[in-house]
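Hi,

Here is the structure I promised to pass on. Have a look at it first, and then read my notes below.

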Amino acid sequence: GVFSQRPKWMPDSAPWKYKETLSLGTTSLTKNEVQAVLREMKSDWKNNTYDLTARNCNHFSDAFAKSMGCTVKVPAWLNRAARVGNAIRS
């Protein structure tokens, strides 16, 4: 599901580690509009719809960036492993 977390911070028990920050440019949305986008997306990105290769946090980041009209796209390499895994699984 969608939840907030301090940037660059991971709990000690997390199975993942922070690697790097990727700039997605800018958006013309206000803070309130960004929060509205998040509220809308939260209802569609529930934890029971998570799938490592087809619907993961990187897929969410890409959809979120598009919804905000960011000036930079999420790099293709970000979800490369998921695409390969999904192709093998199919």
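This is a predicted model: local features need pLDDT of at least 70, side-chain atom pairs count only at pLDDT 80 or more; totals for chains, interfaces and linings use all residues.

**Aromatic residues and the core**

Phe60 and Phe64 are both buried.

One is edge-to-face, between Trp45 and Phe60, with 5.4 Å centre to centre and 80° between the planes. Because Trp45 lies in the loop between H1 and H2 while Phe60 belongs to helix H2, this pair ties together parts that are 15 residues apart in sequence. Trp45 counts as buried, at 13% relative accessibility, and Phe60 has a relative accessible area of 16%. The other pair, Phe60 with Phe64, is stacked: 5.8 Å centre to centre and 10° between the planes. Together, ring pairs link Trp45, Phe60 and Phe64 into a cluster.

Trp45 also has a charge over its ring: the charged end of Arg55 is 3.8 Å from the ring centre. Elsewhere, Arg6 lies over the face of Trp9, 4.6 Å from the ring centre.

The largest nonpolar core has 11 residues, among them Trp45, Phe60, Phe64, Met41 and Cys70. Helices H1 (31-44) and H2 (57-68) each supply at least two of its residues, and H2 gives the most, with 4. Met41 touches Phe60, Ala63, Phe64 and Ser67, leaving aside residues up to four places away in sequence.

And the cysteines? The structure holds 0 disulfides. The sulfur of Cys57 is 16 Å from the closest cysteine sulfur, that of Cys70, so the two are too far apart for a bond. Cys70 counts as buried, at 18% relative accessibility.

Best wishes

Definitions and conventions:
Residues are numbered from 1 along each chain as its sequence is written. Side-chain values use heavy atoms; hydrogens and water are left out. A nonpolar core is a set of buried Ala, Val, Leu, Ile, Met, Phe, Trp, Tyr and Cys residues joined through side-chain atoms within 4.5 Å. Buried means under 20% relative accessible area, exposed over 50%, partly exposed in between (1.4 Å probe, protein chains only). Contact means heavy atoms within 4.5 Å. A disulfide is a pair of cysteine sulfur atoms within 2.5 Å. Rings of Phe, Tyr and Trp (its six-membered ring) pair if their centres lie within 6.5 Å; planes under 30 degrees apart count as stacked, over 60 as edge-to-face and the rest as tilted. A charge sits over a ring if NZ of Lys or CZ of Arg is within 6 Å of the ring centre and within 35 degrees of the ring normal.
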